[in-house]
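The following note sets out several points on the structure shown below. Please read each one with the sequence and the model at hand.

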Amino acid sequence: MNKPILIGMTALALVIGGCAKKTPPVETAPPAATATDTGTAANGDVDLVELPAMQADLVAKAGSDTVYFGTDEYQLDPASQATLAAQARWMLANAKVRASIEGHCDERGTREYNIALGERRANAARDYLIAQGVPAARLLVVSWGKERPAAVGSNETAWAQNRRVVTVVVR
Amino acid sequence: MKLIVALFALPLAAAASAQDSGPLEVDVVGGINAPMAIAVPFMPTPEPVPTPAGDTAQLGRSIAEVVATDLRSTGLFTPLGPTGVRAYAFPEAAAPAYAEWRNAGASALVSGYVEARPDGRIIVGCYLHDVTAGRELTHQGFAVPATEWRRAAHKCADTIYSRLSGEQPFLDTRVVYVAETGPKNNRLKRIAIMDSDGSNHRYLTTGKATVVTPRFSPRGDKLVYMSYQGRMARVYVMDVASGAERLLIPGRVTTFAPRFSPDGRDIIFSMATGGNTDIYVVGANGGTPRRLTATPGADTSPSYSPDGRQIVFESDRSGTQQLYVMDADGANQKRITFGGARYASPVWSPRGNMIAFTRIGGGAFRIGVMSPSGAGERTLTDSWQDEGPSWAPNGQFIMFHRTARGSGEATLYAVSVNGGRPRILPTPLGGSDPSWSPLQN
């Protein structure tokens with residue numbers, strides 16, 4: 001009495017998982033194709049190379065490579081404007097390098113909104129540098145959102161240090 | 001080539017009526033009924049036969065364990081067993097000793113068997129019984145390569161869940177997310193993929209470039225995400241099987257917040273230029289983007305309705321982050337949130353009847369849902385930072401990540417759309433930005 005049901009069921013059993021490679025069974029090394037996530041040849045653009053000695057010179061001559069912002073804001077205050085004006089003078093004196101203008105946010109914004117906010121901040125700084133005479137072609141913009149905090153705490157002091165734009169000297 | 005095989009529902013063994021006990025079902029709307037006690041004993045085999053994944057007797061034990069874990073994860077069941085409940089022999093799979101299971105306190109029983117086939121596959125028979133009424137409710141059989149026995153276990157659990165809850169299946173799914181490790185100011189972030197129960201875990205990127213927000217294509221064969229390759233925030237598309245990835249929009253322009261359209265033909269995303277972020281759509285293979293929003297605000301986190309006709313997104317054009325709905329061509333942009341908080345990262349339910357979002361208020365992020373008109377807002381979680389909702393394909397559960405204050409450690413959670421306690425999805429490292437796959441074929 002049970003047997004016919006079982007046999008009938010066997011005949012009706014459905015085939016799933018027919019594509020054997022769909023779900024590799026164990027953890028494996030990342031496939032070779034993903035080794036392109038170094039950011040070079042795959043997409044036809046060249047990775048930016050940081051120049052630590054030049055960066056140190058920018059900090060020494062301009063006073064700082066960083067400007068700071070209020071919560072959810074992207075306006076440059078007078079102190080930030082003075083810092084950027086000094087950075088612009090350094091850029092004009094060092095005509096062979098470019099700068100990656102990098103916007104950052106504190107952790108109290110959602111991930112995608114913070115990418116938009118970081119881009120606003122970076123552009124505010126970029127526009128100021130251009131107004132000071134730095135050629136636009138020498139300035140790149142990137143928003144890190146909340147991906148690269150400078151201070152690791154979850155408090156007002158840390159958040160204030162993380163709402164920033166860093167001018168990164170690159171080749 | 002992906003082999004898609006439809007699952008045909010077999011006729012129910014008996015009509016679900018005229019029983020003294022009434023139809024056996026679980027209440028998914030919540031909190032009224034206690035979870036159903038369901039016995040999940042080890043599945044016997046007619047004859048132990050070796051397979052590349054262990055012999056069929058061992059597979060019967062492993063499959064029962066996965067079925068029990070899956071059923072427990074729905075929050076609707078308290079599985080009895082497999083360890084500690086009575087074992088039975090092969091013929092009893094279709095004709096259980098109901099009195100024994102009644103005495104054990106079970107309302108329902110999952111029985112079955114594992115049998116080797118000559119072609120190297122195994123057959124997993126899966127039966128659901130109403131123990132109180134003493135009758136079979138449904139049965140289903142699955143043929144899989146022995147090494148993919150977990151797929152058969154998830155399909156069996158889906159059969160049980162679906163029959164007793166009346167909801168669509170969702171357990172035979174995968175999750176893609178961002179695996180995080182290292183200190184907050186130097187965190188390594190890699191895309192990882194796993195079954196929705198955490199098994200078959202592997203990494204899809206090396207971590208050399210920070211990645212965020214991976215999301216499945218509607219067929220689950222591709223991912224779209226943002227990566228910092230080339231020191232730029234840009235959207236990439238990856239083929240899951242090969243790992244090959246491709247930049248969506250060439251050039252040094254900031255692109256982020258990508259999602260596929262429901263038909264998989266298009267990708268909607270944000271592009272930021274000159275301090276202004278708008279929403280664009282482009283073919284999934286690239287091409288010239290078409291602009292859908294043009295306000296000075298930050299318009300981002302777009303998500304299509306399941307019919308592809310509308311898009312929900314967030315914008316701070318009013319001064320704070322709020323949710324808006326527009327037609328797929330960008331027309332009729334209309335704000336839907338007026339709840340006195342900020343709202344972010346909306347995702348349209350696969351059923352179309354709800355939108356999940358991150359609610360920002362009182363210094364915290366919480367996951368909530370509302371109707372597409374903005375009515376009926378409900379908050380589902382309560383912590384410091386819960387962010388990034390993603391729907392199960394049946395629209396009954398939402399996955400998200402919870403970030404710990406201070407350490408910034410992120411953990412994946414899932415919560416029922418009807419409420420209840422969120423449960424952790426264990427991952428080898430920290431986990432953020434989950435995306436739930438469609439149901440696998």
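1. In this predicted model, helix α1 of chain B is followed by B:Gly75, whose phi is positive, near 80°.

2. Helix α1 of chain B covers residues 56-73. At 1.5 Å a residue, its 18 residues should span 26 Å, and its end C-alpha atoms are 25 Å apart, which agrees.

3. Several residues of α1(B) are buried, among them B:Leu59, B:Ile63, B:Val66, B:Val67 and B:Leu71. Against which elements do the buried residues of α1(B) pack? They pack against the strands β1 (36-39), β2 (77-80), β3 (108-116) and β4 (121-130), and against α3 (149-165), of chain B.

4. An open sheet in chain B is formed by 4 strands in the order β8-β7-β6-β29, with antiparallel pairing. Its edge strands are β8 (202-203) and β29 (430-436), each of which pairs on one side only. Strands of a sheet pair through backbone hydrogen bonds.

5. Within this sheet, strand β6 (residues 174-181) and strand β7 (residues 188-195) of chain B pair in the antiparallel sense over 8 bridges.

6. Chain B as a whole contains 3 helices and 29 strands. Its radius of gyration is 23 Å, close to the 22 Å that the globule rule gives for 441 residues, so chain B is as compact as a globular protein of that length. The C-alpha atoms fill a box of roughly 70 × 45 × 40 Å along the principal axes.

7. Of the 441 residues of chain B, 57% count as buried. Among contacts between residues at least 6 apart in sequence, 47% join residues at least 24 apart.

Note on methods:
Residues numbered from 1 in each chain as written. Chains lettered and ligands numbered in written order. Predicted model: local features only at pLDDT ≥ 70, side-chain atom pairs only at ≥ 80, totals over all residues. Helix = DSSP H or I, 4+ residues; strand = E, 2+ residues; numbered from the N terminus. Rg over C-alpha atoms; globule rule 2.2 N^0.38 Å. Buried ≥ 20, exposed ≤ 12 C-beta atoms within 10 Å, placed from the backbone. Contact = placed C-beta atoms within 7 Å. Pairing = 2+ DSSP bridges. Expected span 1.5 Å × (residues − 1).
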